[in-house]
Amino acid sequence: MSAETGERAGAQETTALKRALTTPLLYFFILGDVLGAGVYVLVGQVAADAGGAVWVPLVVALLLALLTAASYAELATKYPRAGGASHYATRAFGPFAGFVAGFCMLAAGIVSVAALARGFGGDYLSAFVTLPVGLVAVLFLALLALVNARGIKESTRANVVATVVEVGGLAVVVVLGAWLLLRGDGDVGRLTQLGTPEKGVTAAVLSGSVLAYYSFVGFETSVNVAEETRDPRRSYPRALFGALATAGAVYVLVGMAASAAVPTARLAGSSGPLLEVVEEAGGVPTRLFSAIALVAVANGALLTGIMSSRLAYGMAKDGLLPAALTRVLPGRRTPWAAIAVTTVLAMLLALTGSVATLASTLVLLLLVVFVLVNTAVLVLRRDPGEVDHFRTPTALPVLGIASCAVLATQIEAQVWWRGLTIVAVGTVLAALTTVRRTGRADGDVRDPG
């Protein structure tokens, strides 16, 4: 080996991320990302769209999420490195598509934080104090920004604890729902009621599935830790599918318990639907459950806010967003500019949209990303990638693309306008970035000195 080759190998060893995640740790990481605040605030909205059989859209959403998850499993084991959808789109279609994918992921994170901020200011908070939702959302986001700027030290243990707390709150709902039925209250018949006066069965299921899909997102960010997994070829698919199956089982049980325990109209009209189950059953202090729900929502918003600000910072550092977003606090070394900008954008969205509208906007943005990922799987089949990587049947990414198209048809016009505006901004920025980089490359060729 030459000295130069040895130096390159040494540099790769010092810059490569440490492979420390085992299958169980990766499973909890993904489960903690997927199983979170969404179901605490959206079960009522799903009931409003689909009727009493809330569990049906949840099952459909799980099956649709698994289609795209299979594509992520192939790409994450084929290219086990950080970057996610942006990296896959860049490899398959070039930097323009990669930028659009990254921008949509960034926008989806900001929209998600806005939705959770509105959820925080709803009925769960009302168990303690009644304040305007918009005011609470703004103050909540400002507080999260301060915590984010101060610096967050995360560990696997903290992630497991947070996951246990969230699952514990959902388990309480399932147990209370079963207790209601055993004592003769509730109505099991609601579990078969599909459709609303405005929508037939098929339209109701598809419309409800769009919102239910929000509860399963989060798995797509886990590809960024594939590079830190000891044996990603074996561990990642097992952890990914296991975590989604676990989340699906928990969500279906929660949906059935809530629907059987609480009349559909009451469930649909609540911004804290699971609190309705607790109040109906009794035995558990409503303030205690509200506190658990608020912790779950705050934790989800904080983690998503951290991801969004770091993604904005990283894109700015790569020259894809304005350089001003790379500014950091001198002592804390946290990206205060990126935190400030993403927080202000989340505030504006929280003040101009409901939880359901924001959740649908998030889903629309992710559908754009998922179409790119499912298509990239097929395009990159010509590249062998890592040896013995996971390979999904060709039919699944094709069905994944079709599922994204079907879900997109169920999104309301006002959500389309909001989502398309965001995508248009990303497309313009992608074009400007591509032109700038092309001009820079041409200049380097003309004047190599």
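Tyr-72, Tyr-88, Tyr-213, Phe-219 and Phe-370 are joined into a cluster by ring pairs. Rings of Phe, Tyr and Trp (its six-membered ring) count as a pair if their centres lie within 6.5 Å, and planes under 30 degrees apart are called stacked, over 60 edge-to-face, and the rest tilted. This is a predicted model, where local features need pLDDT of at least 70 and side-chain atom pairs count only at pLDDT 80 or more, while totals for chains, interfaces and linings use all residues. Residues are numbered from 1 along each chain as its sequence is written, and side-chain values use heavy atoms, with hydrogens and water left out.

A search of the whole structure gives 10 aromatic pairs. Here are two of them:

| Pair | Centre to centre | Angle between planes | Geometry |
|---|---|---|---|
| Tyr-213 and Phe-370 | 6.2 Å | 65° | edge-to-face |
| Phe-241 and Phe-390 | 5.9 Å | 55° | tilted |

Tyr-213 sits in helix α10 (residues 201–216) and Phe-370 in helix α16 (residues 355–379), so their pair ties together parts that are 157 residues apart in sequence. Helices here are DSSP runs (H or I, at least four residues), numbered from the N terminus. Phe-241 belongs to helix α11 (residues 232–261) and Phe-390 to the loop between α16 and α17 (395–409), so this pair ties together parts that are 149 residues apart in sequence.

How covered are these rings? Tyr-213 and Phe-370 are both buried, where buried means under 20% relative accessible area, exposed over 50%, and partly exposed in between (1.4 Å probe, protein chains only). Phe-241 is partly exposed at 26% relative accessibility, and Phe-390 is partly exposed at 25%.

Now to the core. Which residues of the largest nonpolar core touch the most other members? They are Tyr-40, Tyr-213, Phe-219 and Leu-274, out of 130 residues. Such a core is a set of buried Ala, Val, Leu, Ile, Met, Phe, Trp, Tyr and Cys residues joined through side-chain atoms within 4.5 Å. Helix α6 (residues 95–120) supplies the largest share of this core, with 18 residues. Leaving aside neighbours within four places in sequence, Phe-219 has contacts (heavy atoms within 4.5 Å) that include Tyr-72, Tyr-236, Leu-244 and Phe-370.

Leu-274 is also one of the buried residues of α13. This helix (residues 273–281) is mostly covered, with 7 of its 9 residues buried.

Technical notes: Helices (H or I, at least four residues) and strands (E, at least two) are DSSP runs, numbered from the N terminus.
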